Amino acid sequence: MTPVSSNAPHGQSPLRTVQVLGGGNAGSSAHVRSLAEGLVARGVRVTVCAPAEADHAYDFTGAGAEHVHVPRSSDPVSVAALRTACANADLVHAHGLHASFRAVLALGGRTTPLVVTWHNRAHAEGPRAHLLRVLERRVVRTAAVVLGTSPDLVDRARRTGARDARLAAVALPARRPAGGLLDAGALGPDAPDRDDPDRMRSKIRAELGATGRPLLIAVGSLDRHRGYDVLLDAARTWRGLDPAPLVVVAGEGPLRPVLQRRIEDEELPVRLIGHREDVAELLAAADLALLTSRWESRSVLAQEALHARVPLVATRVGGVPDLVGDAAALVPYRDPHALADTVVTLLADPERCALLRERGARQAATWPTEDETVAQVLSVYDELTQPRPLA
């Protein structure tokens, strides 16, 4: 990598940064791993404060960073551990709302610049939603710069009182053997089918029970905001087709019993296959990828689908339209009829699918690279830490 900043001129110490991570979001964890590797390569000292399990999954130490175990909670012990880790930092960069709030508490009245990246938006109702809004206001009004991964997150930060809110350049990090983002490690790097995509595709489709029928893939935790109830409604519409498309959902979560009961009671062509580490292979075997969420920023599934040239049907929410442009079929949220009609129409229109594949490849080529992501973050760090000339 080519250095883009002279953070350590002759006779001066390198820039010391602390990355604060909650560890509960795969996208933000993979982003911090990529960021740490790029910053270290440019001469920046990086400490990652995250739960131990996040370091096991994403290997921050393998990227050249120091890892400090800090639990996800905001109790006094966790905040004290974070305060100690930030004691000699030139700048603190927190990722996600809860990690950012812990950083605010840990920094207290210190003048250490705080950069915050919002990767997504918390989903809550009632009193908890009010609490999250209070935390958002506290964080954005303390942060020197708020980076939002989609335009609507930037707008939200500005409405909440951010002094400086900008659109973040966030690359889709490369899959890493250690685990994490859509890792294909479950099959092993030396699996004999890896060099034969057609054989791999046939094998996976047979495993899932999709031989001779369309295969649709959805990926994500089984939570309410994912819109899987709407997906089941749509599947009820196309279960009478011959052959009926099979929907496979990779992910775990609290709604599994409810969704499984509906699948069985209504005899829906849907399979819940739990957490998988071979999502890239599952996606490559699919005819369509489905994203039915109530809100997304830079959806990992959407990015992986376009990179893999798999036609995507997604809800027109949050940052999705800006992310995919005209390279996906967009439908309204909570509209099972629009979702079903779009899926059935695409499955019957190979020319339209081919067009989406080509557009997807072109759209993916416009997204930031990991180098560009690191360069933008480092330019923000320079703004906040370089000495300013006296007026």
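Why is strand 8 (residues 215-219) largely enclosed by the rest of the structure?

1. **Burial of strand 8.** This is a predicted model. In it, five of the five residues of strand 8 are buried, so the strand is largely enclosed by the rest of the structure. Buried here means under 20% relative accessible area.

2. **Two faces.** In a regular strand, side chains alternate between the two faces of the sheet. Leu215, Ile217 and Val219 point one way from strand 8. Leu216 and Ala218 point the other way. Residues on both sides are buried.

3. **Pairing with strand 9.** Strand 8 pairs with strand 9 (residues 246-250) in the parallel sense, over five bridges. Val219 has Ala250 of strand 9 as its bridge partner.

4. **Pairing with strand 11.** Strand 8 also pairs with strand 11 (residues 288-291). The sense is again parallel, with two bridges. Here Leu216 stands opposite Leu288.

5. Rolling a probe the size of a water molecule over the atoms shows where empty space is left. The count comes to two cavities of 30 Å³ or more.

6. **Lining of the second largest cavity.** Which residues line the second largest cavity? They are Val230, Thr292, Thr315, Val331, Pro332, Arg334, Asp335 and Leu339. By type, the lining divides into four nonpolar, two polar and two charged residues.

How values were computed. Residues are numbered from 1 along each chain as its sequence is written. This is a predicted model: local features need pLDDT of at least 70, side-chain atom pairs count only at pLDDT 80 or more; totals for chains, interfaces and linings use all residues. Side-chain values use heavy atoms; hydrogens and water are left out. Buried means under 20% relative accessible area, exposed over 50%, partly exposed in between (1.4 Å probe, protein chains only). Helices (H or I, at least four residues) and strands (E, at least two) are DSSP runs, numbered from the N terminus. Two strands pair if DSSP finds at least two bridges between them. On a 1 Å grid over the protein atoms alone, a cavity is a set of points where a 1.4 Å probe fits but cannot get out, and a pocket is an open set with protein on both sides within 12 Å along at least five of seven lines; lining residues have an atom within 4 Å of a point. Grid points are joined across faces, edges and corners, and a volume is the space filled by probe spheres set on the points. Ala, Val, Leu, Ile, Met, Phe, Trp, Tyr, Cys and Pro count as nonpolar, Asp, Glu, Lys and Arg as charged, and the others, Gly among them, as polar.
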